[in-house]
Amino acid sequence: MGPPIILPSSGSKLNETLKPVWDMFSGATQEIPPYIGTGSFVDVRNVATMHIWAFENASKSDGERYLGVQGFGPMQAVADILRDAYKGTAIGEKITKGNPGEGYVGYNKETGKVDEIGFLPGARRISGAKTVREMGLEYITLQQSIIDTAKAFEALL
Amino acid sequence: MVIPAVRGAETVLASALKAGPQLTSVVVTSSTIAVVNPVEGEYVFTEKDYATFALEKALKDKEAGEKTPAGILYGASKTASDRAVWKFRDEYKVSIPPHVDHVHTF
C-alpha cells in the first residue's frame, strides 16, 4: 500500500493492491472490496527501507526473515479514513461508505475518525515487531498511507 | 502457478550467480501468505512460522486430479518459491556466499 511513484494513464489500470482503494476513492464501487491476501498492512515506503536495511546490514540479516507488517488493513477502515479526510468536499461525496467501523475496532462514531485499526477479538494476527526491534523501523500508519495514496490519486480523477 | 514461481526464483538466482564476486547479497521479497496457516483463535504469527497448508493442499489436489482454488494456488506458489530460495542458499553458501535474506511483506 502507499502512493505510487508512477501513475498509470487511468485509475482502472492501477495494480491489484491499489485498485480497490481507487475504486472506493473514485466511487466506482458501491461495495467495500474484500481484503487482499492475509489482511495485514504495510506501506510500500517501509518495504523499500526494509530491503535497503537488509542489504546494508548483510551480516545481521543473513539467513533471517523479517515480516513487514504495521497491522491490520481492512478495506472498510480505508473507506472510513478516506471519507473523513475528504469530508465536506465534492470528492468526499462520492467515496464508498459501506458500514463505517464494521470489521475492526477503533472507529469513532461521534467524530467519524479512525482512531485506531484493531483486530476483532479472536482474530489471527501477524506480528511485524521484529522489524521494529532489529531494524529500528518506524511504521507508517494506515491512516497516513491512505491519505498520501489518495493525494497521488487526485491527479487521476 | 506453482511451477513458474519456483522456476522464476531459480532462474533469477542462477543469473545473479553469474555476476561472480559482484554478487554480495540477495534480498528476497516474499509474502505474509508464505507465513500463515489456518488456525483457530487468536494466534500471533511471527518469522518462526512457515505456511505449509496451501502447498500441501495443492499437491494433494494434483494427485487426486482435482482443481485447486486460485487463492490456495497463490499461497502454494509463495511457499514453493520460498523453499527454492532456501535450497539455493544451502547449496551455494560454501562456494559463493550470498546473504539470502527474507523480507516478508504483504
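Reader: Is α4 of chain A largely enclosed or largely open, and how many of its 11 residues are buried?
Author: This is a predicted model, and burial in it is counted from neighbouring C-beta atoms. The rest of the structure largely encloses α4(A), because the buried part of its 11 residues comes to 9.

Reader: Which residues of α4(A) are the buried ones?
Author: A residue counts as buried when 20 or more other C-beta atoms lie within 10 Å of its own. In α4(A) the residues that pass are A:Met75, A:Gln76, A:Ala77, A:Val78, A:Ala79, A:Asp80, A:Ile81, A:Leu82 and A:Arg83.

Reader: What covers the buried residues of α4(A)?
Author: The helix has 9 buried residues. Elements of chain A are included in their cover, namely α1, α5 (90-94), β4 (105-108), β5 and α7.

Reader: At what angle do α4(A) and α7(A) pack?
Author: The crossing of α4(A) past α7(A) is right-handed. Their axes lie 10 Å apart, and the packing angle is about 60 degrees.

Reader: How many nonpolar residues are in the contact of α4(A) with α7(A)?
Author: From α4(A), the residues A:Ala77, A:Val78, A:Ile81, A:Leu82 and A:Ala85 meet A:Leu142, A:Gln143, A:Ile146, A:Ile147 and A:Ala150 of α7(A). Sorted by class, this contact has no charged residues, 1 polar residue and a nonpolar count of 9.

Reader: Is A:Leu142 buried or exposed?
Author: A:Leu142 belongs to helix α7 of chain A. Within 10 Å there are 24 other C-beta atoms, so A:Leu142 is buried.

Reader: How far apart are the C-alpha atoms of A:Leu142 and A:Asp43?
Author: Setting aside neighbours within four places in sequence, A:Leu142 is in contact with A:Phe41, A:Gln70, A:Gly71, A:Gly73, A:Ala77, A:Ile81 and A:Ile117. Along the chain A:Leu142 and A:Asp43 are 99 residues apart, while their C-alpha atoms are separated by 7.6 Å.

Reader: Is A:Pro74 buried or exposed?
Author: A:Pro74 sits in the loop between β3 (71-72) and α4 of chain A. Leaving out residues up to four places away in sequence, A:Pro74 touches A:Tyr35, A:Gly39, A:Gly103, A:Tyr104 and A:Ile117. Because the cut-off for burial is 20 or more other C-beta atoms within 10 Å and A:Pro74 has 20, A:Pro74 is buried.

Reader: Which element gives the largest share of the largest nonpolar core?
Author: The largest nonpolar core has 45 residues, and those with the most contacts inside it are A:Phe25, A:Val78 and A:Leu82. At least two residues each come from α1 (19-25), α2 (44-56), β2 (65-68), α4 (75-85), β5 (113-118) and α7 (142-153) of chain A, and from α2 (53-64) and α3 (70-92) of chain B. The largest share, 6 residues, comes from α4(A).

Reader: Which residues does A:Phe25 touch, not counting those up to four places away in sequence?
Author: A:Phe25 is one of the residues with the most contacts inside the largest nonpolar core. Its partners are A:Leu82, A:Ile95, A:Ala150 and A:Phe153.

Reader: How far apart are the end C-alpha atoms of α2(A)?
Author: In this helix A:Val44, A:Asn46, A:Met50, A:Trp53 and A:Ala54 are buried. At 1.5 Å a residue, the 13 residues of α2(A) should span 18 Å. This agrees with the distance between the end C-alpha atoms, which is 19 Å.

Reader: What pattern does chain B follow along its sequence?
Author: Chain B has 106 residues, of which 35% are buried. Its secondary structure comes to 3 helices and 3 strands. In sequence order the pattern is α-β-β-α-α-β.

Reader: Which strand gives the most to the side of chain B that touches chain A?
Author: In all, 24 residues of chain B are in contact with 27 residues of chain A. Strands β1 (25-31), β2 (44-45) and β3 (99-105) of chain B each supply at least two residues of that side. With 7 residues, the one that gives the most is β3(B).

Reader: Is B:Gly71 buried or exposed?
Author: B:Gly71 lies in helix α3 of chain B. B:Gly71 has 11, so B:Gly71 is exposed.

Terms used: Residues are numbered from 1 along each chain as its sequence is written. Chains are lettered from A and ligands numbered from 1 in the order in which they are written. This is a predicted model: local features need pLDDT of at least 70, side-chain atom pairs count only at pLDDT 80 or more; totals for chains, interfaces and linings use all residues. Helices (H or I, at least four residues) and strands (E, at least two) are DSSP runs, numbered from the N terminus. A residue is buried if 20 or more other C-beta atoms lie within 10 Å of its own, exposed if 12 or fewer, and partly exposed in between; C-beta atoms are placed from the backbone. A nonpolar core is a set of buried Ala, Val, Leu, Ile, Met, Phe, Trp, Tyr and Cys residues joined through C-beta atoms within 7 Å. Two residues are in contact if their C-beta atoms, placed from the backbone, lie within 7 Å. The expected span of a helix is 1.5 Å times one less than its number of residues. Axes are lines fitted to C-alpha atoms, for helices over the stretch in contact, and angles run from 0 to 180 degrees between N-to-C directions. A crossing is left-handed if the near helix is turned anticlockwise from the far one by less than a right angle, and right-handed if clockwise. Ala, Val, Leu, Ile, Met, Phe, Trp, Tyr, Cys and Pro count as nonpolar, Asp, Glu, Lys and Arg as charged, and the others, Gly among them, as polar.
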